[in-house]
Number of protein chains: 2
Amino acid sequence: MAGDLPHPERSEIQLTDVLFALSDPERLAITRQLADGPLDMAACHATDPDLPKSTKSHFMKVLREAGVIRNEPHGRRRMLTLRRDDLDALFPGLLDSVLNA
Amino acid sequence: MAGDLPHPERSEIQLTDVLFALSDPERLAITRQLADGPLDMAACHATDPDLPKSTKSHFMKVLREAGVIRNEPHGRRRMLTLRRDDLDALFPGLLDSVLNA
DNA sequence: CCCTTGGTTCGAAAAAAGTCGAACCATCGA
DNA sequence: TCGATGGTTCGACTTTTTTCGAACCAAGGG
């Protein structure tokens, strides 16, 4: 593994992909947890604590490829961050309205 | 056919369903057309003008069941309206940010 | 009446997405 | 350097979603 996973540039982020990524309750829950700041992946449980790790990893992949989160290696762990700056710049007000709903 | 199709009550509308309905480019295009006011279904083309009518009808069903639009009989046609009041009340700012993006 | 028009529903097939075990990989601590 | 830890990727399977023709339906017009 290269360690660094691919992330879309800001200019490549598509509104429909972001909406799709957020349209799943588990992925939305993850996104909400990241609204308060970055988290270790291990510290970030969706709703089900017994979720298989491959499934959890897949959720993160969908969010990452849509441009909603960053997933970067951090020591032996993964640091997850919400791409708030990019999303706010591209779609002003969208993230806030989703998180506040 | 009863003529009147089922619509969710405002209280039944789910954020994730709305996000999913808007996460498809065709359905988003339809929604944008309705932002300026109600339209006859016949007057509301998505992107492809040669879209089969059953496919178009299905798009409308997804949007209707998510609570994004109303689809009501109007003479021999169908009147489509964006449920802006309901969406604004439930998810303030969401619709505007999506439409302005 | 019948026929056209505008639209829904059904059914089946294809495409996409979700799920998860197993294998793999990279890093840190002992 | 070995093992444990935290996570990704692969592969196969299940489920959901999409697509669209064909059948159907309701309302108006001739």
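1. Strands here are DSSP runs of E with at least two residues, helices are runs of H or I with at least four, and both are numbered from the N terminus. Two strands pair if DSSP finds at least two bridges between them. In β3(B), B:M79 is the bridge partner of B:D40.

2. This is a predicted model: local features need pLDDT of at least 70, side-chain atom pairs count only at pLDDT 80 or more, and totals for chains, interfaces and linings use all residues. Residues are numbered from 1 along each chain as its sequence is written, while chains are lettered from A and ligands numbered from 1 in the order in which they are written.

3. The sheet in chain B. β1 (residues 39–40) pairs with β3(B) in the antiparallel sense, over two bridges. β2 (residues 69–74) of chain B is also antiparallel to β3(B), over six bridges. One bridge there joins B:H74 to B:R77. β2(B) and β3(B) form a hairpin with two residues between them. In the turn, B:G75 has a positive phi of about 65°.

4. DNA strand C. Two or more residues each come from α3 (53–66) of chain A, and from α3 (53–66) and β3 (77–82) of chain B. α3(B) gives the largest share, five residues.

5. DNA strand D. Of the 24 residues around DNA strand D, A:M41, A:A42, A:S54, A:S57 and B:S54 come nearest. The elements giving two or more residues are α3 and β3 (77–82) of chain A, with α3 of chain B. α3(A) gives the most, with five residues.

Notes:
A residue is near a molecule or strand if its C-beta atom, placed from the backbone, lies within 6 Å of it.
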